[in-house]
Amino acid sequence: ANNLKGRDFIELDDFTPDEIQYLIDLAIEIKHKQKSGEVYQPLKGKTIGLIFEKSSTRTRVSFEVGAFQLGAHALFLSKNDIQLGRGEIISDTAQVLSRYLDGMMIRTFGHENVIDLARYATVPVINGLSDLAHPCQVLADYQTVYEHKGKLKGLKLAYIGDGNNMAHSLMIGGAKLGVHVSVATPEGYEPDASVVKECLEIARETGSQIVVTRSPQEAVKDADVIYTDVWASMGFEEEQKIREAAFKDYQVDEQLVQGAKSDYLFMHCLPAHRGEEVSEGVIDGSNSVIFDQAENRLHAQKALMAALMG
Ligand code: CP
Ligand code: NVA
């Protein structure tokens, strides 16, 4: 199943359902190896550059630690500390770094930056979050759901809040894997229309149902998973006040989750704002799997690096 060597990882729509499931299975296998103390170093002597234009806790640490555990060396490259921050163009950066590195990850604002880096790089490029997509998070998230529920196909995931990068990648991943995804957003904060259209096309082949609604109650009805994310993503901080008003009826709280299945999972990519997109009781309650998700970033990205760069 693995013909992933040399490929880029920009969004899950570039991958078949079998390839995504392969990565999830590999992540679980690598997780077991690590927990049993087995040394697994398929990337011995290799290097990966991590370009960051935005802040990060999980992505940075999980990629650095994951690369180390696989035998590779990771370089943290803050955009402002490399010449990219002084106007060196992406195509030159991509070609130069490709002469040193075996892989690159980039976290950036415009999704076109990821695409440009991948176009000019001769080594695999991984999207570590853009304004459009966050596929590494979603790979770890569906791994987490699979571990807790034992399956993916036919489950219902409700996403409540901003139609942002997380909403997009959860919808695409869900459509690919046969997960039904219902997204509830306030007016003006819907997911990108072209992403929705693409998901509906993918879903026709996999049997997934993709729904976009205004109603959080409709979205969470009988859901197996309730997912939310911050109201103001990185780059939108100055809209915080406007967004607090727009999203006030979209908090995932004790009352809203009543509509879901009793064994629903609460999920959040983190960082979270208790009292905004989620109540303290829900995020810190017994249905919450937020730290399993965070942990799985490590295992899922180790699988990804091993598959693309091995
Ligand atoms: N969820 C996530 O990507 O977290 P960081 O911003 O801390 O990397
Ligand atoms: N939507 C959030 C996700 C952070 C991991 C953001 O882009 O800031």
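Domain bounds in this report come from an automatic or database domain assignment. The structure is a predicted model, in which local features need pLDDT of at least 70 and side-chain atom pairs count only at pLDDT 80 or more, while totals for chains, interfaces and linings use all residues. Residues are numbered from 1 along each chain as its sequence is written, and chains are lettered from A and ligands numbered from 1 in the order in which they are written.

**Domains and their contact**

Two domains divide the chain: domain 1 (12-133 + 297-309) and domain 2 (137-293). Their centres, taken over C-alpha atoms, are separated by 25 Å. Domain 1 and domain 2 each contribute 20 residues to the contact, where two residues count as in contact if their C-beta atoms, placed from the backbone, lie within 7 Å. On the domain 1 side, the elements that supply two or more residues are helix H1 (17-35) and helix H11 (290-309); helices (H or I, at least four residues) are DSSP runs numbered from the N terminus. H1 provides the largest share of that side, six residues. The side of domain 1 that touches domain 2 comprises 13 nonpolar, two polar and five charged residues. In this classification Ala, Val, Leu, Ile, Met, Phe, Trp, Tyr, Cys and Pro are nonpolar, Asp, Glu, Lys and Arg are charged, and the others, Gly among them, are polar.

**Ligand shells**

A residue belongs to a shell if its C-beta atom, placed from the backbone, lies within 6 Å of the molecule.

| Ligand | Residues around the ligand |
|---|---|
| Ligand 1 | Ser56, Thr57, Arg58, Thr59, Leu129, Gln137, Cys269, Leu270 |
| Ligand 2 | Leu129, Asn164, Asn165, Met166, Asp229, Val230, Ser233, Met234, Cys269 |

Because domain 1 and domain 2 both give residues to the shell around ligand 1, this ligand lies between them. The shell around ligand 1 divides into three nonpolar, four polar and one charged residues, whereas that around ligand 2 has five nonpolar, three polar and one charged.

**Packing of H3 and H4**

The axes of helix H3 (residues 90-100) and helix H4 (residues 111-120) come within 8 Å and cross at roughly 45°. Axes are lines fitted to C-alpha atoms, for helices over the stretch in contact, and angles run from 0 to 180 degrees between N-to-C directions. H3 is therefore oblique to H4, a term for angles that are not under 35 degrees (roughly parallel), over 145 (roughly antiparallel) or 65 to 115 (roughly perpendicular). Ile90, Ser91, Ala94 and Gln95 of H3 meet Asn113, Asp116, Leu117 and Tyr120 of H4 in this contact. Its residues divide into four nonpolar, three polar and one charged.
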